[in-house]
Amino acid sequence: RPFFVEQMAWLGQQLRKRPQERAIFALHIPLGEDERSRLLKEVLAQGPDKSILLCGHRHSDQVDRLSFGAREGLSV
């Protein structure tokens, strides 16, 4: 199994252990339409109701609302 897939499995386990807590993620690159983004979105869909993603790379100030199935989050 690729390392990233193992990381996402571990992350999903951690989020399921704490369903009432909000999660904050720091990403170098914002979520997109690539395979890694798809896997992370699947994990986030199983996590807390509201998440915040702190994303770099774009070099601009922007806040986006994200949906992960029934869950939602903010990308800052």
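View 1. R38 pairs up with E35 in a salt bridge, with their closest N and O atoms 2.5 Å apart. Here, a salt bridge means a side-chain nitrogen of Lys or Arg within 4 Å of a carboxyl oxygen of Asp or Glu. This is a predicted model, so local features need pLDDT of at least 70 and side-chain atom pairs count only at pLDDT 80 or more, while totals for chains, interfaces and linings use all residues. Residues are numbered from 1 along each chain as its sequence is written, and side-chain values use heavy atoms, leaving out hydrogens and water. R38 and E35 both sit in helix α2, three residues apart, which is about one turn of the helix. Helices (H or I, at least four residues) and strands (E, at least two) are DSSP runs, numbered from the N terminus. R38 also meets E42 in a salt bridge (2.3 Å, N to O). E42 lies in helix α2 too, four residues from R38, again about one turn. Through shared partners, the salt bridges link E35, R38 and E42 into one network. R38 counts as partly exposed because its relative accessibility is 37%. The cut-offs are under 20% relative accessible area for buried, over 50% for exposed, and partly exposed in between (1.4 Å probe, protein chains only).

**View 2. The salt bridge between E33 and K41.** A search of the whole structure turns up three salt bridges, and one of them joins the side chains of E33 and K41 (3.9 Å, N to O). Is E33 buried or exposed? E33 is exposed, because its relative accessible area is 77%. K41, at 26% relative accessibility, counts as partly exposed. Why can such pairs form at all? Side chains of opposite charge can pair when their charged atoms come close.

**View 3. Inside the largest nonpolar core.** This core has 14 residues, and those with the most contacts inside it are M8, L11, F25, L44 and L53. A nonpolar core is a set of buried Ala, Val, Leu, Ile, Met, Phe, Trp, Tyr and Cys residues joined through side-chain atoms within 4.5 Å. At least two core residues come from each of α1 (3–17), β1 (23–27), α2 (35–46) and β2 (50–55). Look at F25: not counting residues up to four places away in sequence, F25 touches L11, L15, L44, S51, I52, L53 and L54. Contact here means heavy atoms within 4.5 Å. In soluble globular proteins, nonpolar side chains tend to be buried together.

View 4. S75 belongs to strand β4 and counts as buried, because its relative accessibility is 10%. Leaving aside neighbours within four places in sequence, S75 is in contact with L53, C55, Q62, V63, D64 and L66. V76 lies in the segment after β4 (71–75) and, at 41% relative accessibility, counts as partly exposed. Together, I24, I52, L54, V63 and V76 make a nonpolar surface patch of about 440 Å².

**View 5. G56 and the residues it meets.** G56 is found in the loop between β2 and β3 (64–68). G56 and L27 are 29 residues apart along the chain, with 6.5 Å between their C-alpha atoms. Which residues does G56 contact, leaving aside its neighbours within four places in sequence? They are L27, H28, I29 and P30. G56 counts as partly exposed because its relative accessibility is 29%.

Notes: Patches are made of residues with over 30% relative accessible area and no salt bridge: like charges are joined within 9 Å, nonpolar side chains (Val, Leu, Ile, Met, Phe, Trp, Tyr) within 5 Å. Accessible areas come from the Shrake-Rupley method with a 1.4 Å probe; for residues, only the protein chains shown count as cover.
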